[in-house]
2 protein chains.
Amino acid sequence: MDNSENIHNDASDDGTIANDSALVQLASNWPSLTVGERKEQFNALSRTDAEELFLSLSPHDQAELLSEASALEKRSWVRLLAPDDVADLIQEMGTDSKDEVLSLLDPQTKREVSALLAYAEDNAGGLMSSRFVRLRPDMTVDEAISYLRIQSKTQVETIYYCYVIDANQHLQGVVSFRELFSASPGKTVKDIMHPDIVKIPVDLDQEQIARIFQQQSLLALPVVDGDGHMKGIVTLDDIADTIQEEATEDIQKIGGMETLDAPYMKTPFFELIRKRGGWLSILFVGEMFTATAMGYFQVEIERAVVLALFIPLIISSGGNSGSQASTLIIRAMALGEVRMRDWWRVLGRELLSGICLGVLLGGIGLTRILLWPAKEQLYGPHWLAVGMTIFFAVIGVVLWGTLSGSMLPFILKKLRLDPASASAPMVATIVDVTGLVIYFSVASVMLKGSLL
Amino acid sequence: MDNSENIHNDASDDGTIANDSALVQLASNWPSLTVGERKEQFNALSRTDAEELFLSLSPHDQAELLSEASALEKRSWVRLLAPDDVADLIQEMGTDSKDEVLSLLDPQTKREVSALLAYAEDNAGGLMSSRFVRLRPDMTVDEAISYLRIQSKTQVETIYYCYVIDANQHLQGVVSFRELFSASPGKTVKDIMHPDIVKIPVDLDQEQIARIFQQQSLLALPVVDGDGHMKGIVTLDDIADTIQEEATEDIQKIGGMETLDAPYMKTPFFELIRKRGGWLSILFVGEMFTATAMGYFQVEIERAVVLALFIPLIISSGGNSGSQASTLIIRAMALGEVRMRDWWRVLGRELLSGICLGVLLGGIGLTRILLWPAKEQLYGPHWLAVGMTIFFAVIGVVLWGTLSGSMLPFILKKLRLDPASASAPMVATIVDVTGLVIYFSVASVMLKGSLL
């Protein structure tokens, strides 16, 4: 909820636009405190300060503070919150506590919260607030302003955007408070409203909503259902949090793990192990194919142990270039810079990039072998052939890594999976197995008749 | 700049709160169009639509559209922009064009833009707008509202927060428009303002500003210099962009590359190669130490080629667990969930995690060797000893990967470098080299007298 305009809870006596600096400091340290420290600090605050702090916390932290409170205490805290924040809190506390929390609310808020809970947490319906300013099209500007003066004293999310709704609950237009304020008093709302308005459907995903906010520079967007009825508004401050959350989810997936539901320090140890261990085990099983692949080349390794020396170097250069490419594309997709239909343009670009990067790295590898003082001793009389094998193998592996890394997010998206699951470790694992095959194939061509 | 309250450019005829849906569609497709398509689509728009679109674009895209315009055209487009947006545009176009762009502005805006250019792009001074509403403490509420009615028709960033400034330009307090609006007309501004206010210094980094916004649910924050003089305001919509940018930078670093200055598709090819090739080369040179390390174990490999088969599996399990740990800690640091002083708590947690994850993966590896039908044929008569070597080596390498991955961000931060540089590929490279040493050390202990 947007606390940003005013003190619309009697309790929060000095409003959030003017906070005591010690309280700001405490709120900013909050994520790094232990549960014990939090409870202690919270209990030491005056009631008004505690309420102030409570309102500024995330639903996760609010749930934590409420976990041991008595029913009466819970009621007093829960009633501080706006309906959309109560809905978030319930989603955080789990469905078991749903009825308990709902029973603490007044009937009007209870209805609103229940309606919000019907939507998924991460779409427009789950993010929206139903407390917005409604005007009728035929009100005069003066009537609208007086009406607003009343509404501004109650719990509405924002008075700065006024939505013009007809008798059938259809959204007719919008007028900003600033426009209303500077219009001639005798005009009607209909005269000055903007009828052509950006609306978002209740089931729009939060990532797409964030993109619309970034393109539009708006403070709020109206949410409508399939029949064009206005259901609520989503405000920019809800979305700023969403952007952070989405980025965190993507980063954790790119790092090769399931996304955490809570901050690192707050995640229970065994949940942390489960979320990390799951992907690590899958990757480990995938990586076992490297041993299988190498089994096929055992004879070659026995004949030329020098080939084994370069295995980590070769496969890691594929893994690194693949991680780079996948991360780049995942982020570009999340920001809407690259779309499904761009896949072939990306393919062309990455084909060229792969060749350039491969020649660069292969060149470094070849140079090092050629310039190494003890090269004959280390690599035998066929050091030049070994060097050329490394050169071409690196080009092949880097090209392959770049192409798989850049195409995997497209494939995942096509399969309706999250492109961010093309994590750096996942790409590295895929490229390791195939990289070995490329390496030994190049070697068997280049070294036939000499070492092999 | 915040276009969200009103039409404060005469040009933008129907304001940004009410956009034509075709225009919204175009703005949302913009990042995926080619330069040619963009110019064509832009030229096909009516003047008002073109202006609307222009205002919604990023400074990078604005600069692109202006690149081939005549001086007169440029003037008409640049004058549409608010001072902070002009400053962003100049920073995007490079210092060469600074004087040219400044010469297009009216003297008042020119002064404001020059003042903004004195600050770094990514701190409060660079993000702020100097067009905010100023009230005097001794004005009555009625006077303040009339005064606002005038200011709301000019280019101020927001009329919703009014800053109370004394004769010495010191910030005395803040009052929200909503509060002013619902106060009794006879009171003075001083009576209803909040004197205790969150201020940000001009040199505060944008990442920290974003954190304050998330804790405070505010629409704008005042920026003050060292003497307490109010210099401007930073608005939430500027920060929403910043949050995305910071996340993109971190994600690209985690992927093991330099951050791009422009979207993937818009980055010139050779710049892309340079930004990716730089890190890849460094990692490649680092990874060469694997060949050196393996050189020391050449005798062991010759005696027991079976050891070589498991090299990719062993080192990748260290790399994967390290990537996970570093990504997790980098993100937790960026969100302020983990601070420098938490390093030992993280160390304890990761020590335990590393052991658990190591036993899990080592167990999978051991099981596979024990259950493999052709194990005697593949691994020789000492298959059990080989299995146990893998088991303990994986535990050691995963533990080491987890610890290095989680501690590296702390070390980088201590050295005043960006923790996000502890990229997945960088951690993997460090762990590869040391992982080999761990593997062969375990092998020489476990297999002494049997295979070695």
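Which residue takes a positive phi in the hairpin of β5(B) and β6(B)? I began my notes there. The model is predicted.

**Entry 1: the hairpin in chain B**

I looked up the turn first. The hairpin has five residues between the strands, and Gly228(B) takes the positive phi, near 80 degrees. Next I checked how the two strands pair. β5(B) and β6(B), residues 230-235, run antiparallel and share five bridges. I picked out two of the facing residues. Val224(B) has Met230(B) as its bridge partner in β6(B). Leu221(B) stands opposite Val234(B).

**Entry 2: the whole sheet in chain B**

I then asked what order the strands take in this sheet. The order is β4-β5-β6 in chain B, and the sheet is open, with three strands and mixed pairing. β4 and β6 of chain B are the edge strands, each pairing on one side only. Helix α14 of chain B, residues 236-254, packs on this sheet. I found that α14 touches β5 and β6 of chain B, and that its direction makes about 60 degrees with that of β6(B).

The β4 side came next. Strand β4 of chain B, residues 200-201, pairs with β5(B) in the parallel sense over two bridges. Ile200(B) faces Val223(B) in β5(B).

Is strand β5 of chain B largely enclosed or open? Four of its five residues, in the stretch 220-224, are buried, so the rest of the structure largely encloses the strand. I noted the cut-off: buried needs 20 or more other C-beta atoms within 10 Å.

**Entry 3: the sheet in chain A**

I turned to chain A. Its three strands also form an open, mixed sheet in the order β4-β5-β6. The edges are β4 and β6 (230-235) of chain A. β5 of chain A, residues 220-224, pairs with β6(A) in the antiparallel sense over five bridges. Here I noted the pair Pro222(A) and Ile233(A), which are bridge partners. Helix α14 of chain A, residues 236-254, packs on the sheet and touches β5 and β6 of chain A. Its direction makes about 60 degrees with that of β6(A).

**Entry 4: Asp205(A)**

Where does Asp205(A) sit? I found Asp205(A) in the loop between β4 (200-201) and α13 (206-216) of chain A. I counted it as partly exposed because it has 13 C-beta neighbours inside 10 Å. Beyond its neighbours within four places in sequence, Asp205(A) is in contact with Asp122(A) and Asn123(A). I also checked Gly125(A). It is 80 residues from Asp205(A) in sequence, yet 9.3 Å away in space, C-alpha to C-alpha.

**Entry 5: domains of chain A**

I listed the domains of chain A: domain 1 (21-121), domain 2 (133-236) and domain 3 (264-446). The centres of domain 2 and domain 3 of chain A, over C-alpha atoms, are 52 Å apart.

**Entry 6: the two chains together**

How many residues of chain A are in contact with chain B? I read 120 residues of chain A against 120 residues of chain B. Helix α15 of chain A, residues 269-296, gives the largest share of the chain A side, 16 residues. By class, that side has 60 nonpolar, 38 polar and 22 charged residues.

Last, I laid chain A on chain B. A turn of 180 degrees with a shift of 0.0 Å along the axis does it, at an RMSD of 0.1 Å. The two copies are therefore related as by a two-fold rotation axis. Both copies use the same surface: 100% of the contact residues of chain A recur in chain B.

Technical notes: Residues numbered from 1 in each chain as written. Chains lettered and ligands numbered in written order. Predicted model: local features only at pLDDT ≥ 70, side-chain atom pairs only at ≥ 80, totals over all residues. Contact = placed C-beta atoms within 7 Å. Nonpolar A, V, L, I, M, F, W, Y, C, P; charged D, E, K, R; others polar. Domains from an automatic or database assignment. Buried ≥ 20, exposed ≤ 12 C-beta atoms within 10 Å, placed from the backbone. Pairing = 2+ DSSP bridges. Axes fitted to C-alpha atoms, helices over the stretch in contact; angles between N-to-C directions. Least-squares fit on C-alpha atoms with pLDDT ≥ 70 in both.
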